[in-house]
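We will walk from helix pairs to pockets, one selection at a time.

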Amino acid sequence: MFEIIIKILPLFSLVAIGYLFKRKSILNDEGLKYLTRFVMYLSLPAVLLGKLATTDFNTLIDFHFLFAYLFSLFGVMLISGLIGYIFFSRNTKYSIMLGLGGVYGNIGFLAIPVLSITIGEWVSVPLALMLTLDLLILLPVATFLLQLNSTNEQSNITPIKALKRSLFNPLILSIMLGLFLSIWQITLPSYIVNGLGWLGKAAGPCAMFIVGTALYGRKISQKPIAAVYMSTVKLIVMPFAVYLFMSLLSVNPEWIIAATLGAAMPCAAVLGVIAEEHKILPQQASTAVLVTTVFSVLTIPLLIRIFS
């Protein structure tokens, strides 16, 4: 396990450096915006496009894998939300946000760079499929449920807007293009593949640095029970559910490992934005992002060690 920690330590050090840069205002908001755009529009899409375009389509469309992940997402979201409704607050929006916080992880900015280094670059293929389901199904459904249970509050995000935002997300566009090339067995010239690989090498370091800047300013909630609950579900229950469902559906063992580790990633920073938009548990959601990111420094190497 010590070897694994040493291997990923440089990446998580970049999280700390990003936090420090933001705290000391070494990088202003304008510079951070353009760095984020570089990762979102160029570097991470290059990783996903390069891997998907060079992978056989029959390998990509593994329905057992896709169904198992969907069952895990909505099963854990439903059960954890129901438990939250019974034991925490008889508020439907409250329980929906608890459920979403327990399943929506940082696959794009954390799972892909960290697991590509520790497990191998092949993990970007199953992780890309998980990211697609998160953005095209999970977020629109969660947004719809939150809107459905709104009373007087008005949110700027509607299910249609959430779906449009997801469809035009550069990561999704690169995944769709990669799937198209794979379906039609279109071989990219070697200089394009090499260029995508070169551009993609910047994704990991830059993404981890951005995660660090996103953590700055997040404070521990004065009512942390909901945050602790979401964090526990995200780091422990969700990866166990993914492993269980995929094992039951006889998914490729390597993909089970990739999916379980991907599901064990900390809460995505977007969770705080969604909570703020819908005015439900904003401080607790931000606390869950912070807590799960800090504890993942230990939980991720531990899981990698178990599977290795």
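**Before you click**

This is a predicted model, in which local features need pLDDT of at least 70 and side-chain atom pairs count only at pLDDT 80 or more, while totals for chains, interfaces and linings use all residues. Residues are numbered from 1 along each chain as its sequence is written, and side-chain values use heavy atoms, with hydrogens and water left out.

**Stop 1: α2 and α10**

Select residues 29-53 for helix α2 and 190-200 for helix α10. Helices here are DSSP runs (H or I, at least four residues), numbered from the N terminus. The two pack at an angle of about 130°, with their axes 8 Å apart. That angle makes α2 oblique to α10. Axes are lines fitted to C-alpha atoms, for helices over the stretch in contact, and angles run from 0 to 180 degrees between N-to-C directions. Under 35 degrees counts as roughly parallel, over 145 as roughly antiparallel, 65 to 115 as roughly perpendicular, and the rest as oblique.

Now show side chains: Phe38, Leu42, Ser43, Ala46, Val47, Leu49 and Gly50 of α2 meet Leu196, Leu199 and Gly200 of α10 (contact means heavy atoms within 4.5 Å). By class, this contact has seven nonpolar, three polar and no charged residues. For colouring, Ala, Val, Leu, Ile, Met, Phe, Trp, Tyr, Cys and Pro count as nonpolar, Asp, Glu, Lys and Arg as charged, and the others, Gly among them, as polar.

**Stop 2: α5 and α14**

Next, select 92-101 for α5 and 270-278 for α14. Their axes come within 11 Å and cross at roughly 170°, which means α5 is roughly antiparallel to α14. Lys93, Met97, Leu100 and Gly101 in α5 meet Leu271, Ile274, Ala275 and His278 in α14. Five of these residues are nonpolar, two polar and one charged.

**Stop 3: α7 and α9**

Move to 124-148 for α7 and 170-183 for α9. The axes of α7 and α9 come within 10 Å and cross at roughly 125°, so α7 is oblique to α9. Ala128, Leu131, Thr132, Leu135 and Leu136 of α7 touch Leu171, Ile172, Ile175 and Met176 of α9. The contact of α7 with α9 has eight nonpolar, one polar and no charged residues.

**Stop 4: the largest pocket**

Which residues are closest to the centre of the largest pocket? Select Met40, Tyr104, Phe109, Ala269 and Val270, out of the 44 residues that line the pocket. About 1,200 Å³ of space lies in the largest pocket. Its lining divides into 26 nonpolar, 11 polar and seven charged residues. Among the helices that each supply at least two lining residues are α2, α7, α9 and α14.

**Stop 5: the second largest pocket**

Finally, centre on Val47, Glu121, Gly197, Gly200 and Lys201, which lie nearest the centre of the second largest pocket, lined by 20 residues. The elements giving two or more residues to this lining are α2, α6, α10 and α11. The lining of the second largest pocket has 10 nonpolar, seven polar and three charged residues.

Conventions. On a 1 Å grid over the protein atoms alone, a cavity is a set of points where a 1.4 Å probe fits but cannot get out, and a pocket is an open set with protein on both sides within 12 Å along at least five of seven lines; lining residues have an atom within 4 Å of a point. Grid points are joined across faces, edges and corners, and a volume is the space filled by probe spheres set on the points.
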